[in-house]
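Subject: Structure handover

Hello,

Here is the structure for you to keep. Please open it next to this email; the notes on what was found follow below.

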Amino acid sequence: MAVIRSVIRGVGAHLPRRIMTNADLAKIVDTTDEWIVERSGIRARHIADEDELTSTLGIGAGRQALVRAGIDPVDIDLVICATATPDRTFPSTAVRIQAGLGITKGAAFDVQAVCSGFVYAMTIADNFIKTGQSLRALVIGAETFSRILDWNDRSTCVLFGDGAGAVVLEAQPQHNGRDDRGILSTLLRSDGRFEDLLYVDGGAGSTKTVGHLRMNGREVFRHAVQKISGVIEETLVATGYAADEIDLFIPHQANVRILDGIAKKLGVAPEKIVKTLERHGNTSAASIPLALNHAFEEHLVKEGSLVLMEAMGGGFTWGAVLARW
Ligand code: UT7
């Protein structure tokens, strides 16, 4: 029996003009290139200038994804933007991206699940498509974390960067077999008991300020390896795939040691893991679509590739999406 699946038709990205290297950071806080590379794997990140907003980056990424998909903006009926750094408290960044791209149909809204935001947004879009409420969705992960960093806190400001990535999903009938294209499985988890390990100490409804990111890095690291391995294992069991059948792992890019730890735990070949954090740092909800865009541009992903995306972030929130390209 035929089923409707959300097939990835296009991917795009947009990064701020300005690049900040570890050497640049060492002029601001007491740190070194060696420490940052050894502890995180990051060498550089893009930082937004004043005229570059989360929506600006999202519009750039969305436009490229639409062009590559060969889909006219007027045919998009759903825009979801995953972000923890919206342009304004309201309206949503998604409606600003919608207007910027000339999309007038359907619905647009933001999703707030911090670094897991893209996995959450893909899951929501997939459910809109599978239930017939959307035919073509634009899913964006866009962040300007540089605006919520405490630039005096060396333990956090060296880790994050700005950017945006986007995918276009389209409803397509598939025959419900193992070679189906599109999103095959999604899994979302959250546990609010861990809020104090990773949060922003401000907000419109509490301090009336934006606040700064605070993180207990060591504890988050420990949970990340555990929780991400867990959702990957659950996804494999639920779909009946073995780890070595996955062609490409597109993880949230937080720390190279987390990626290597998960690969080792699950027995995944290191060359199957897409790593972009060396050049982008941790871009929160933007990191998976940015890595997906890298995989596309480097021809690492081709029609039929089985791709596993996963993330974990503030909340805690975590999850995984399995899709065939
Ligand atoms: O995307 C959301 C999820 N986020 C993550 O997954 C992040 C998870 N955590 C991590 O990636 C790592 O824990 C970090 C990269 C944040 C830190 O690495 P670590 O190996 O856990 O280091 P640490 O926090 O245990 O700090 C080690 C030392 C400390 O000094 P003492 O206490 O040992 O004397 C820090 O003060 O390194 C010091 N330190 C620094 N030194 C130079 C912390 N930040 C810096 C710095 N430069 N930028």
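The protein chain has an accessible surface of about 13,700 Å², and 52% of that belongs to carbon and sulfur atoms. Accessible areas come from the Shrake-Rupley method with a 1.4 Å probe, and for residues only the protein chains shown count as cover. Please note that this is a predicted model, in which local features need pLDDT of at least 70 and side-chain atom pairs count only at pLDDT 80 or more, while totals for chains, interfaces and linings use all residues. Residues are numbered from 1 along each chain as its sequence is written, and side-chain values use heavy atoms, with hydrogens and water left out.

Overall shape

Of the 325 residues in the protein chain, 56% are buried (buried means under 20% relative accessible area, exposed over 50%, and partly exposed in between, with a 1.4 Å probe and protein chains only).

The chain has ten helices and 13 strands. These are DSSP runs numbered from the N terminus: helices are H or I with at least four residues, strands are E with at least two.

Domains and contacts

The protein chain is divided into domain 1 (3-174) and domain 2 (182-324), with bounds from an automatic or database domain assignment. The two domain centres, taken over C-alpha atoms, are 14 Å apart. In domain 1, 52 residues are in contact with 49 residues of domain 2, where contact means heavy atoms within 4.5 Å. Among contacts in the protein chain between residues at least 6 apart in sequence, 77% join residues at least 24 apart.

Rings and charges

Rings of Phe, Tyr and Trp (its six-membered ring) pair if their centres lie within 6.5 Å; planes under 30 degrees apart count as stacked, over 60 as edge-to-face, and the rest as tilted. By this rule there are four aromatic pairs. One of them is the tilted pair of F296 and W325, with 6.5 Å between centres and 35° between planes. F296 belongs to helix α10 (residues 287-297) and W325 to the segment after β13 (317-324), so the pair ties together parts 29 residues apart in sequence. F296 is partly exposed at 30% relative accessibility, whereas W325 is buried at 10%.

A charge sits over a ring if NZ of Lys or CZ of Arg is within 6 Å of the ring centre and within 35 degrees of the ring normal. R178 lies over the face of Y241, 4.2 Å from the ring centre. The charged end of K227 sits over the ring of W318, 5.2 Å from its centre.

Backbone details

Which peptide bonds are cis? One joins F90 to P91, with omega near 0°; P91 is in the loop between β4 (78-82) and α4 (93-101). Another joins G315 and F316, with omega about -10°.

K208, not a glycine, has a positive phi of about 65°. K208 is in the loop between β9 (198-200) and β10 (213-215) and is exposed, at 73% relative accessible area. S284 also has a positive phi, near 55°, but S284 is buried at 1% relative accessibility.

Regards
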